[in-house]
Amino acid sequence: MTLSRWKKLRPALLVLTSSIFLSSPATAQKYAYPYGVEAKGAPGAVGVDTLASQSPQNRSAEDIKSALSVLDGTNVTKLVFFVSGYKNFIRAIENERNDVQTGSSPGSSGTTSLVSKGVVAEVLSLATERGALSRTDDQTVSTFRGKPTGIARLLKGDEIFPYCAIYDFACESGLARVLGGASFSVSFNTTTNEGTASTSTGTIDNSRVLSATSKQVAGWGVRYDFHVRKKPAEIAKDYGKQFTDTVRQSGAEYATAVQQLLQKFPADQLIAWQAKYVALLQSDATADKGDFTKALSQAVSELADLAQKVDPQFKTRSDLVLTKMSSYFVSRDKLLADYVHKFTFSVSYDNARPASQPSQSSMKFILSARPKGAQITGNATIEWYDHILKSNVSRVRDAQVALELDHTFGQTNAQVNPSLSAGYYFQYMVDNALLTLPSTALAPGTSIPLPGNASELLNTKGPIHLGQVKMTFKIKNSGISFPVALTFSNRTDLIKGNEVRGNFGLTYNLDNLFTK
Amino acid sequence: MACKLTKSTKPGVDFEGTDGDEVQLGVSSDSGGATIVAAVYDGVPLSAPWQFTLAAGDKFLTILIDNPVPRDWTTIQEVCNGKRNTLKHFPFDPTGPTQTFILGGR
């Protein structure tokens, strides 16, 4: 990039960076007060936020009792966050999600992904994967994926993963929601000058292109996820009918865990605790908002102590509520994703830098849906050469479509969650492939010298069909996944002939690290 | 059937009724979207139409509600032969979606 071009871009980049930093805070479920039901602007409601703005003498005992009732769901959540830790809730939510794209794009030289998934990590993910799908150059590639808003939140020290219920559109600011859809990726070749483990039965000896030095940066990309939501009134209509038996079962486990937690509170001590805080919140000692908040911190701490004294298993019960609550929230959000969103799709631009070929750009459309018990992801891609050098090949290199079905097995509380994926990928090479070879090079398989620094690889135009079966083993509470895939194809982009390839990887969703 | 639950005057008990009485639960909201996802009475999960028999002694009833409109005014009711007896009227909190009651069976 020239200096003048950089100067032109600089103001736009400054605006973008400032917007990301300004929009990064999220209110989410981070309540304003450590304990107590909050009205949060609901007309006519009285919560601790309303009481805080009243003078102590005007705070009615009934309103205080109602706001502090441990039987109210808001207070159960606040108590559980206090006892078991809010970060553990966020980690449990992360554990339940399985639709995060951590690896490189399907067109990369090292990937296990036949399709690009519908969601990326909130901050950063790292994946190291071995084995290409449609490309002939078979490499080990490490990919970093990240979200600018997540990174900004991390740098600012804000809440990184504000959990928002799928229908809670006011949970984040409009700007945060808009910028939250953006992400980027950079892939690096971690091996150079490697041969291939190909089992090609091809008739043309094109394998020498593989001996070329790989570029260090294998590719980069930017992506935007769109979630087009229905209006609340439209969602409310027929809402109850959306709940399946599986989600109701998950809800029943959550409600049972809440009841088991609350049953252990000693009734007489709870009444004494309530009376103490009614008196304190009606006294001048809590006239100041800071003192009022401090009194609520003390209230929740004392409540937890009281419960722990009579029930040594209280912390375990609290942890169980947290786990069951996360499981219910995620299963409900997954179930409702297609009902709440009119449609969900992503658009990504990727730039690939394969060995011995000109760099290539691609535009990809990603559609994601979650029917019963499975996830379906579809991709459509068009790829073109950034430069065709002095050749006569078509600028448009290829077009791709792919479809993948994922299903997760096992119990939600199991240590390892295996998921099985099956997919089909079709690529049509619009013209013969273009190579960048030294001017002294000979055409592949011949002794004919090639003109200039580019050459057309004959007989490479046409369709590529790929089928893949993949198992991904996700280890609970670690952010680590092991994808292992077997891919069958009729050819690769440069070599005609059947291929059977093993692809494997190690992916790490760094979001998990930041929730510890 | 007539409404069975009445507000309790006993400290620590929300409502009371006669043990052996049948109670049916319902929910409504301003948006019309509120729904009962699950309900557990005295440790036993209930199924739709969310009906149970009142047991003797003080027992816990936990109801998990969902509502796609956060802070929408939501009402948990006892459904009784066309009538509705309000148990709780509250703005829905998506991250605290349970409501628990202590019911006394006399």
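My starting point was pLDDT, the predictor's confidence in each residue, from 0 to 100. I count two residues as in contact if their C-beta atoms, placed from the backbone, lie within 7 Å. With that in hand, I found that pLDDT stays under 50 over residues 193-212 of chain A, for which the model has 43 contacts beyond four places in sequence. Residues 24-29 of chain A also stay under 50, with 21 such contacts. Where pLDDT is low, the predicted coordinates should not be read in detail.

Residues are numbered from 1 along each chain as its sequence is written, and chains are lettered from A and ligands numbered from 1 in the order in which they are written.

Chain A overall: I noted a mean pLDDT of 79, with 73% of its residues at 70 or more. I counted 13 helices and 16 strands in chain A, taken as DSSP runs numbered from the N terminus (helices H or I, at least four residues; strands E, at least two).

Next, the contact between the chains. Chain B brings 31 residues to this contact and chain A brings 37. On the chain B side, β4 (35-41), β7 (57-66) and β10 (98-105) each supply at least two residues. The most come from β4(B), which gives five.

Which residues of α4(A) and α12(A) make their contact? I found Val80(A), Val83(A) and Ser84(A) on α4(A), and Lys315(A), Ser318(A), Asp319(A), Val321(A) and Leu322(A) on α12(A). These divide into four nonpolar, two polar and two charged (Ala, Val, Leu, Ile, Met, Phe, Trp, Tyr, Cys and Pro count as nonpolar, Asp, Glu, Lys and Arg as charged, and the others, Gly among them, as polar).

Last, the strands around β11(A). I counted 11 bridges joining β10 (residues 396-408) of chain A to β11(A), and the two run antiparallel; strands pair if DSSP finds at least two bridges between them. Asp398(A) stands opposite Met429(A) in β11(A). Another 14 bridges join β11(A) to β14 (residues 462-475) of chain A, again antiparallel. There, Ser419(A) has Thr472(A) of β14(A) as its bridge partner.

Key. Predicted model: local features only at pLDDT ≥ 70, side-chain atom pairs only at ≥ 80, totals over all residues.
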